[in-house]
Amino acid sequence: MRIGTMFDIPIRVHWSWLIGFALITMLIASGGLPFISVRLTETQEWITAGVVTLCLFLSVLAHELAHSLTAKRLGYSVISITLMIFGGVSLIRELRSRASHDFLIAAAGPAMSLAIGVVASVLYFVYRDPFATGSSALLQGILFYVGLQNIALAAFNMLPGLPLDGGRVLQSAVWGLTRNRRFAARMAGRAGQVLAIAMIVGAILLILRNGDLTSGLWLILIAMFILPSSTAETRRASRNRRDERVVGIPVRSVMMSVPTALSASTPLDAAVRNVLSRHPDTNIPVIDGGRVTGVASMRDVQSLGLSANQGIGLTVADVARSVSTFAIDPDADISSARELLARRGIDLLLVFENDYLLGTISTENLEGRRGWASDSVSPDQNRI
């Protein structure tokens, strides 16, 4: 169910959210709110528990918005945010093109939760008054719970296993070290499976040794959420690996190598003499203010019919063609490159490795390869 839009991102609530809201409210209310120094009526306890639970879900929304807004800032498309019983999911349309992007998007959520938790906890300790009564005591209680819940949320999400954010961080780290995205996904997926099994074992021990049925059942429910998701991630990475052995073609095999990049302010005659004339068939990226704003080639200069003398006084910016660009990893499949070019309506992809520009790829580079098999790009997810 869609409940609204924030920053042009649709916000949805899954039916399981209602179950989660009721269960968490019940658990908080049944605890008696022991940190509040006044005696509350049963109705007041339930109202306070409901407010605390609502704050928790607003914190989850902030967590997911941190994922989504970071992704949008890096150039990705966010489909929606969905809140559910165990948190939320941010659906991001494209696969990450670089390991650093994967890391930043994954880490943004826990960082937001930690920030909220620290601020709420500091406010609680600053205004804490053991003799407070009425609304002042209730406000302290809410701050206490919001701080505790968000710090716990950040810590739990950083556990190293998919589909948790810590699993995404692990995946990005392995991807960055090995330059093998699918191996990284398999490793992080396996870590998620191990994490889920460990939770189930821990839950059984809690129930049998301590008689803590409530905590044990919650752990089992969370494990049942993690296990199928991590298994699906592992299987998808393994399937993509098998497909890649047969038909996978990396971007680096079809990209146009880039000998250099040109500054937009470079005199045109110097650019022609030193770069463009030596690489007449290559689109050379044009940099302006640290950003790729276009491309220039010898064909662009020739199309203007400029003589050598007429080119004096002009700069590269005067002949550069404006293009929309996006970054892609050299080991990405060309099907991903084709999908990115079509989906985003862009003209050129920049191929980066270790922040070094290796080359470019455009629709022209992919001509003649339409008959080759390709994988479709499915929406990627960030879960809390």
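This is a predicted model: local features need pLDDT of at least 70, side-chain atom pairs count only at pLDDT 80 or more; totals for chains, interfaces and linings use all residues.
Two strands pair if DSSP finds at least two bridges between them.

**View 1. Strands 6 and 7 run parallel.**
Two bridges join strand 6 to strand 7. Strand 7 covers residues 284-288. Find Ser263 and look across to strand 7: the bridge partner there is Ile287.

**View 2. Helix 1 packs against helix 2.**
Helix 1 spans residues 16-30, and helix 2 spans residues 42-73. Their axes lie 8 Å apart, at an angle of about 130°. That angle makes helix 1 oblique to helix 2. The crossing is right-handed.

**View 3. Residues of both helices make the contact between helix 1 and helix 2.**
From helix 1 come Trp17, Gly20, Phe21, Ile24, Thr25, Met26, Ile28 and Ala29. Helix 2 supplies Glu45, Trp46, Ala49, Gly50, Val52, Thr53, Leu54, Leu56 and Phe57. How many of the contact residues are nonpolar, polar or charged? Twelve are nonpolar, four are polar and one is charged.

**View 4. His101 is a buried residue of helix 3.**
Helix 3 runs over residues 99-127. The relative accessible area of His101 is 10%. Buried means under 20%, so His101 qualifies. Which residues does His101 touch, leaving aside neighbours within four places in sequence? The contacts are Leu74 and Tyr76.

**View 5. Gln302 is an exposed residue of helix 9.**
Helix 9 covers residues 298-303. Is Gln302 buried or exposed? Its relative accessible area is 54%, and exposed means over 50%, so Gln302 counts as exposed. Val319 is 17 residues away from Gln302 along the chain. The C-alpha atoms of Gln302 and Val319 are separated by 9.9 Å.

**View 6. The protein chain holds eleven helices and 13 strands.**
This last legend sets the close-ups in context. The protein chain has 384 residues, and buried residues make up 46% of them.

Technical notes:
Residues are numbered from 1 along each chain as its sequence is written. Side-chain values use heavy atoms; hydrogens and water are left out. Axes are lines fitted to C-alpha atoms, for helices over the stretch in contact, and angles run from 0 to 180 degrees between N-to-C directions. Helices (H or I, at least four residues) and strands (E, at least two) are DSSP runs, numbered from the N terminus. Angles under 35 degrees count as roughly parallel, over 145 as roughly antiparallel, 65 to 115 as roughly perpendicular and the rest as oblique. A crossing is left-handed if the near helix is turned anticlockwise from the far one by less than a right angle, and right-handed if clockwise. Contact means heavy atoms within 4.5 Å. Ala, Val, Leu, Ile, Met, Phe, Trp, Tyr, Cys and Pro count as nonpolar, Asp, Glu, Lys and Arg as charged, and the others, Gly among them, as polar. Buried means under 20% relative accessible area, exposed over 50%, partly exposed in between (1.4 Å probe, protein chains only).
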